[in-house]
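Here's a quick tour for anyone meeting this structure for the first time.

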Amino acid sequence: MTRTVEEHRGAVLRLLKAGHDAAPARTKTVDLVSAAGKILAADIYAPGSLPPFDNSQMDGYAVRTADLAAAGRTVPLRVSEPIPAGIAAPALEPGSAAPIMTGAMLPAGADAVVPIERAVPDAFYADRDRPGATVSFPSGAAPGDYIRTAGSDIRAGTVALPAGTRLGALQLGLLAALGIPAVPVRAPFRVLLLSTGDEVVEPGEALAPGQIHDANSTLLAVSLREAGAEVVRARILADSPDRFLAQLREDLARHPVDLVLTSGGISMGAYEVVRLALAAEGVQFLPVAMQPGGPQAMGAVDGVPFLGFPGNPVSSVVSFEVFLRPALSALTGLPAPRPELPALLTTDAHSPAAKHQVRRGRYTAPAEPETVGRVELIGGPSSHLVHAMASSNALVHIPAGVQSLPAGSEVTVWLLN
């Protein structure tokens, strides 16, 4: 029975979730720079407060507001020693004002800062001119003016970042400000990636008659890595069912993984090596109502979740984007879901009525806010058009039940970059 795209996407998620939930949680502790783009594995509590002490928000003078309580006149105060950032501030004596720099510690006794531009004179005294100098301020400063209070950003002992947070520059900057040098992150999802076919050879090798270069290993390996997964091993296996299964089991014995992913060998032909090797292992080979990427395989091999994608490069990448990438996002927090937007077709489009068609397109954002962008279809629907795929920045979705759409029709696009 043919599955819908939604049914198969759900089945892929359930397959991977069962394996993910059964495996012990794997984490590793890494330095902050290495943690970029990864998912936090545990709640991180603030070991101290930010800021750690009351400090000045401005360049100005630290004052006692009681000294400026006289109404309606300017109040002169003695100028005390300046307070640069990075020192322990001496206590402020009554009747005095301490020059203080932005970020410097507020001295004991001070309860406000007056910005330098409100002082008279409105420039700091040089060291040689400071002894005996005075500075005047307008009356009426309020307690707390221009002071960053200790813990006003975050207090010690509170959760700085919860488990499951995707760590980017802003989050890692917070951890650095808290003095935390390293954090536990979720270990990446591990994938054994295999291509099949005697006709497939590595890029760089000479082609014999009837042979093609392997694009799928590169396409899928890069896609997986961009999605935060780790490709433990990637290689081409021969078109012999017995040898394929033996080599697969050899790889599984040597490389513990969370998923085996293959491309090619799953259709209805007489020489479909993955189908011939794994049908007896309980792997399902079934059609999905999608173009390209209709043939799909899923199951388990020796207890390890298994997915099989078609061998045509575009079919393989579309299968990854539609089925595997969303499952990885849901299970591990990586990658972020593809941005999904409406767009207007620049040309007519045609699709098999019974299939969900995924076309490649070039999306152009709207010139005006709150309007709809446009998408140009690149190449045709065929699954071998690698050059057209490389020229695209979006996947264009035409749902099952729709045979034709005139130019100007609204479609859903997933942005690829």
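A residue counts as buried under 20% relative accessible area, as exposed over 50%, and as partly exposed in between, using a 1.4 Å probe and protein chains only. S315, at 5% relative accessibility, is therefore buried. This is a predicted model, so local features need pLDDT of at least 70 and side-chain atom pairs count only at pLDDT 80 or more, while totals for chains, interfaces and linings use all residues. Residues are numbered from 1 along each chain as its sequence is written, and side-chain values use heavy atoms, with hydrogens and water left out.

**The sheet**

- Helices (H or I, at least four residues) and strands (E, at least two) are DSSP runs, numbered from the N terminus.
- Six strands make up an open, mixed sheet, in the order β15-β12-β16-β20-β19-β17; two strands pair if DSSP finds at least two bridges between them.
- At the edges sit β15 (230-237) and β17 (284-287), each pairing on one side only.
- From one strand to the next, the twist averages 20 degrees; axes here are lines fitted to C-alpha atoms, for helices over the stretch in contact, and angles run from 0 to 180 degrees between N-to-C directions.

**Around β19**

- β19 (residues 295-301) and β20 (residues 304-309) are antiparallel partners over five bridges.
- Within that pairing, V301 is bridged to V304, and A297 has G308 as its bridge partner.
- The two strands form a hairpin with two residues between them, and D302 in the turn has a positive phi of about 50 degrees.
- β17 also pairs with β19 in the antiparallel sense, over four bridges, with Q284 partnered by M298.
- β19 is mostly covered, with five of its seven residues buried.

**Helices on the sheet**

- Helix α4 (residues 241-254) lies across β12 (190-196), β15, β16 (259-263), β19 and β20, and runs at about 160 degrees to β15.
- Helix α6 (residues 313-332) packs on the sheet too, touching β16, β19 and β20, with its direction at about 135 degrees to that of β20.
- S315 belongs to α6. Leaving aside neighbours within four places in sequence, S315 is in contact (heavy atoms within 4.5 Å) with P292, G293, P310 and S383.

**Helix α3**

- In α3 (residues 216-226), the buried residues are N216, S217, L220, A221, S223 and L224.
- Those residues fall within an arc of 165 degrees seen down the axis of α3, so they line one face of the helix; the arc is that of the directions from the helix axis to the C-beta atoms.
- R225 and E226 are exposed on the other side of α3.
- The buried residues of α3 pack against β12, β15, β16, β20 and α6.
- After α3 comes G228, with a positive phi near 90 degrees.

**Nonpolar cores**

- A nonpolar core is a set of buried Ala, Val, Leu, Ile, Met, Phe, Trp, Tyr and Cys residues joined through side-chain atoms within 4.5 Å.
- The largest one has 36 residues, and L224, L261 and L324 have the most contacts inside it.
- Elements giving two or more residues to this core are α1 (5-22), β12, α3, β16, β20 and α6, and α6 supplies the largest share, 10 residues.
- Not counting residues up to four places away in sequence, L224 touches V191, A229, V231, L261, F320, L324 and L328.
- Apart from this core lies another, of 20 residues, including L278, A297, V304 and F306.
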